[in-house]
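Visitor: I have this model open and would like to go through the packing with you. Could you take me through a few spots?

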Amino acid sequence: MISIQKQGFLAVCLLMLLGACKSEKTEVSEAPHETDKYIAEVREEYAPDGRVALFDVESRKYENGYVLRGESNLPEAVANLKEKLEVENITYTDSIQLLPSEELEGKTEGVIKISVANLRSRPSHSAELVTQATLGMPVKVLKKDGSWYYIQTPDGYLAWVDYGGVTPISEEDLDTWRAAEKVIFLEPFGFSYVEASANGEVVSDLVAGNILEVLGETNGFYEVKYPNDKKAFVEKSAAQPYRQWVASLQPTGASLIKTSKSLKGLPYLWGGTSPKGVDCSGYTKTIFFLNGMIIPRDASQQIHTGVEVDSTRNFENLIAGDLLFFGRKATDTTSERVIHVGMWIGDNKFIHSMGDVHISTMDTTAADFDEYNYNRYLRTKRVLDQDDNKIIQLAQSDLFINPETTSEK
C-alpha cells in the first residue's frame, strides 16, 4: 500500500508534469481545418496523380497557428500553398521537407546498376512491386531510408529501390556519365562476361534495353563498364553503339510488331516492365522504349497520350502500333476505370500481356474470338508519330547521352 507521504509526492509530480505540458504548444482539434481546402487545391493542381508527383502535406492547428507538415518534391507547389495562406492571413509554421533530402549530401541523381531493378511501394522487399527500371537508366534520387532509396524514373514514377539496384551520384557525375560512349543491349536475354569469351565466367545477366558505358572493343566483344565501375565484356552481335541505335530509330508499325513478337510468351508479372516479366502496360511501355519512345507507366496514364482513333469497335480505322484500352465504362454513378491495354498488330488482332504475352482477335467470327476483352473495350489511342508532353522521344532527349558531345566511333 502506498503511504500518505508517497501519495502526496506523486500528486506534486503529477501537477508539475501537467504544468510542464501546458507550457508546450497544445494541438487544437478542428475538423476540417480552414487550411485543408487550400492544401487540396494545390494538390489537385500540382500533384493530381500521386504516382508521379509527391505532395504529401497536412496541417495541424495549435493555439498560436497552424503547422504545415509532410514532404514534397514540388517546391513550386509548396510556394503556392504558402502564398494562398498568406493572402488569407492564416498564421502558419512551415515544417514541410522539400526533396531531394539534404541527407543525400548532393547525390541526388542515380543510375540503375543491375539488369532489372524492382521498384516497390514502400522500402521493403515485401512491399508491392509497382514498376521496374533497367540497367543504365538515370533516375532522380529523392531520399534514403536505411538501405532503400526513394527515386523517380524518367517516366515520372515514384518508388523505392534497395541499394543493390542503384548507384547514387551527383549532378556533375551524371553529366560525366552522359558524356561517355555507350552501347545498348538489344537481345531479349543475355550475359556479360569476365573475359572476351562467351565460354568465360558470367559477370551478370542482361536484358533488352540495358545500357552500359563502352571502353573499347576486342575479339568481337565490347569492353563495358557498369554504373558502379564493374567491368565486363558483351558480345557485339547482341548490342549496338547507343548513338548509332538512336540515329537509326524510325518507329513504324512494322518495327513495333517485330519487337512485340520477340517478347511473346513472357509471363505476366504485376509491376513488370522488362523481359523478366511484364504486366499489360509494362509490356506496351517496353515495346515503345525499345523503339525509342518513353510512354507513361500505367494503362490509366497511357490512355491520356496520343489521339483517339476509335471508341465504337470500328477496328477498320486502326493501324499497327495503336493502343487498345479496356475496363469499365463510366455510368451516372461511377467513373471510367481503365484496367488493361494491348497493342494492335493488324488483321483484327492485338497483342497483350494477360496470363502471358499472346495474340488475341477481335474477329467475332473467329474460333479464338476474345469475347471477354471485346465486351470491356473502351477506346483506341494512336501514340506513334505523336509528340506531346507525355511522350519522350529518345532521339531528341539527353536522357542517356549529352547531345552536345560528338562520337569518335
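This is a predicted model: local features need pLDDT of at least 70, side-chain atom pairs count only at pLDDT 80 or more; totals for chains, interfaces and linings use all residues.

Visitor: Does T153 count as buried or exposed?

Guide: T153 counts as buried, because its relative accessibility is 8% and the cut-off for buried is under 20%.

Visitor: Switching topic, which residues have the most contacts inside the largest nonpolar core?

Guide: Those are Y283, F288, L323, M343 and V383, in a core that has 26 residues. At least two residues of this core come from each of α6 (253-262), α7 (280-289), β22 (323-328) and β23 (337-346). There is also a second, separate core of 18 residues, which includes V111, W177, W245 and L249.

Visitor: And V383, what is it in contact with, leaving aside neighbours within four places in sequence?

Guide: Apart from those neighbours, V383 is in contact with F288, M293, I295, T305, G306, L323 and I391.

Visitor: Back to the helices, how do the axes of α6 and α7 cross?

Guide: The two axes come within 9 Å and cross at roughly 125°, which means that α6 is oblique to α7. The crossing of α6 and α7 is right-handed.

Visitor: Which residues make that contact?

Guide: On the α6 side they are L256, T259, S260 and K261, and on the α7 side Y283, I287 and F288. Sorted by class, the contact of α6 with α7 has four nonpolar, two polar and one charged residues.

Visitor: How many residues of α7 are buried?

Guide: 10 of the 10 residues of α7 are buried, so this helix is largely enclosed by the rest of the structure. Among them are C280, G282, K285 and F289.

Visitor: Where is D279, then?

Guide: D279 is in the loop between β19 (277-278) and α7, and it counts as buried because its relative accessibility is 6%. Leaving aside neighbours within four places in sequence, D279 is in contact with Y268, L269, W270, G271, G272, R297 and S353.

Visitor: How far apart are D279 and G346 in space?

Guide: D279 and G346 are 22 Å apart in space, C-alpha to C-alpha, and 67 residues apart in sequence.

Key: Residues are numbered from 1 along each chain as its sequence is written. Side-chain values use heavy atoms; hydrogens and water are left out. A nonpolar core is a set of buried Ala, Val, Leu, Ile, Met, Phe, Trp, Tyr and Cys residues joined through side-chain atoms within 4.5 Å. Buried means under 20% relative accessible area, exposed over 50%, partly exposed in between (1.4 Å probe, protein chains only). Helices (H or I, at least four residues) and strands (E, at least two) are DSSP runs, numbered from the N terminus. Contact means heavy atoms within 4.5 Å. Axes are lines fitted to C-alpha atoms, for helices over the stretch in contact, and angles run from 0 to 180 degrees between N-to-C directions. Angles under 35 degrees count as roughly parallel, over 145 as roughly antiparallel, 65 to 115 as roughly perpendicular and the rest as oblique. A crossing is left-handed if the near helix is turned anticlockwise from the far one by less than a right angle, and right-handed if clockwise. Ala, Val, Leu, Ile, Met, Phe, Trp, Tyr, Cys and Pro count as nonpolar, Asp, Glu, Lys and Arg as charged, and the others, Gly among them, as polar.
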